[in-house]
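Hello,

Here is the structure we talked about. Please look through it first, then read my notes below.

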Amino acid sequence: MLTHPSSRSIYHFTPPSNWMNDPNGLVYYQGEYHLFYQYHPESPIWGPMHWGHAVGCDLVNWQHLPIALYPDENGMVFSGSVVIDWKDTAGFGEAVMLAVFTHHKEGRQNQNLAYSHDSGRTWTKYAGNPVLSAPEHLHDFRDPKVFWFGSQAEGHWVMCLAAGDRIMFFISPDLIHWTPCGQLGPGLIATAGVWETPDLFELCVDGSQETRWVLTIGVQGGCPAGGSGTQYFVGQFDGCTFTSENPPETILWADYGADYYAPQSWNNEPSQRRIMLGWMSNWQYANVTPFTTWRGMFSLPRELTLTRTAAGVRLVQQPVPELRNLRGEHKHWQNETIVPGANLLAGLQGDSFEIAADFQIGPDTESFGFRVRIGEGEQTTITYIPGEQKVTLDRTHSGQSDFHPGFARIHAADLAPIHGSLRLHIFVDHSSVEVFANHGQITLSDSIFPSAESLGLEMFSKYGATQLNALDFYHLEKKP
């Protein structure tokens with residue numbers, strides 16, 4: 001067993017014990033955010049999949065509940081989604097909570113239903129399962145994302161389903177009888193990796209009445225930081241099929257770190273926000289990362305919007321404002337000149353904190369940024385390189401990394417300043433670093449495994465001064 005060198009995260013969701021991967025069935029109902037997830041309660045290594053379950057009212061504090069769905073004679077319980085059947089289209093009752101999930105057994109994958117009359121505390125599997133069987137030639141046929149499309153009177157249910165190198169779309173009046181209606185791919189896949197865990201939703205562009213649909217997909221291999229990652233498409237959805245507005249050679253990534261996979265968003269979010277979170281691991285090394293009693297963590301919940309850029313309409317991700325309730329001790333600086341060899345943060349330490357910094361890009365600086373979780377031989381570095389217009393997240397010396405040769409690397413993304421300035425919004429939580437750059441136009445998410453004693457912080461400027469417009473530092477802690 002590899003011992004986890006750092007304590008459990010403060011404000012990122014982790015399982016009660018043992019293995020966790022994909023988020024599943026995210027739905028809001030009767031004052032609660034429900035968070036289901038792929039769970040193996042008996043081992044810290046992936047195995048027979050269950051659905052774990054937690055609820056919360058603020059996207060930050062979570063109460064663990066008993067396991068929702070167990071494997072049975074039909075197989076393991078793979079990923080899926082949860083909806084509220086307000087109109088009793090399926091016949092299980094009005095406003096019933098209904099899960100649509102994949103059963104996996106001996107290489108066959110089929111879609112199934114379960115329903116709950118008590119806000120997800122107990123579940124009954126539909127006696128007529130499966131409701132959608134895989135074609136004989138398809139091995140990968142899984143991870144249904146289901147939502148209602150159109151008006152209550154004239155709409156229908158939509159299912160997005162991962163099927164190897166494509167996403168297939170199905171429609172249904174009742175969640176039981178499904179008709180194929182379109183697909184995306186092949187020819188648009190970014191890598192040789194299998195597609196998984198689709199999500200599909202509509203967003204406004206820059207807060208206007210103009211909208212686009214966004215399709216997110218987990219890609220198992222060959223992503224920018226190596227291994228698995230999350231690709232997305234922007235386009236239109238007509239209730240039956242999705243059409244990307246970008247050419248096939250335009251590859252869009254939701255995150256440029258190594259640890260943001262299989263993200264899902266909440267159905268029925270009460271303020272009409274699109275809130276998403278992902279699994280902070282990578283299939284290159286997920287089964288061998290350090291652990292004590294638990295293995296697996298989710299990213300921060302992120303509010304998604306769209307903005308128009310010179311390259312086209314693109315996804316923007318921001319940490320949800322509910323995280324501000326974690327803020328404790330606060331330090332503020334403004335109009336500072338950062339010179340080589342100086343460290344504005346020299347008096348600070350921490351393993352759970354937030355940094356929000358705005359810089360003015362000058363002509364002489366080679367690079368600038370932050371080093372966090374600094375200790376003996378350890379540091380994680382966030383750097384901006386003006387000459388290359390690139391932001392990097394370097395975990396080559398972040399702590400324990402000998403469990404896999406692909407872990408200790410530098411991850412990078414192209415990022416141009418906005419009117420000569422750059423904003424870095426950074427969250428550190430024991431064994432994770434998430435960077436939201438230029439108001440969430442670019443994100444990088446990485447897990448790290450530093451020693452508990454590695455608490456130092458540094459702000460640096462290399463080969464020239466950097467102008468700091470403003471910086472806010474907050475210790476983050478759970479409030480009673």
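**Pairing of β30 and β31**

Strand β30 (residues 432-437) pairs with β31 over 6 bridges, in the antiparallel sense. Strands here are DSSP runs of E with at least two residues, numbered from the N terminus. Two strands pair if DSSP finds at least two bridges between them. Val433 stands opposite Asp446 in β31.

This is a predicted model: local features need pLDDT of at least 70, side-chain atom pairs count only at pLDDT 80 or more, and totals for chains, interfaces and linings use all residues. Residues are numbered from 1 along each chain as its sequence is written, and side-chain values use heavy atoms, with hydrogens and water left out.

**The open sheet**

β30 and β31 belong to an open sheet of 6 strands, ordered β23-β33-β24-β29-β30-β31, with antiparallel pairing. β23 (327-338) and β31 (442-447) are at the edges; each has a single partner strand, so one side of each lacks a neighbour in the sheet.

**Around β14**

Of the 9 residues of strand β14 (residues 211-219), 8 are buried, so the rest of the structure largely encloses this strand. Buried means under 20% relative accessible area (1.4 Å probe, protein chains only). β14 pairs antiparallel with β13 (residues 195-204) over 8 bridges. Phe201 stands opposite Val214 in β14. β14 also pairs antiparallel with β15 (residues 229-237), over 7 bridges. There, Trp213 stands opposite Gly235 in β15.

**Ser119**

Ser119 is in the loop between β7 (108-116) and β8 (124-125). Ser119 is buried, at 15% relative accessible area.

Best wishes

Conventions: Helix = DSSP H or I, 4+ residues; strand = E, 2+ residues; numbered from the N terminus. Buried < 20%, exposed > 50% of the residue type's maximum accessible area, 1.4 Å probe, protein only.
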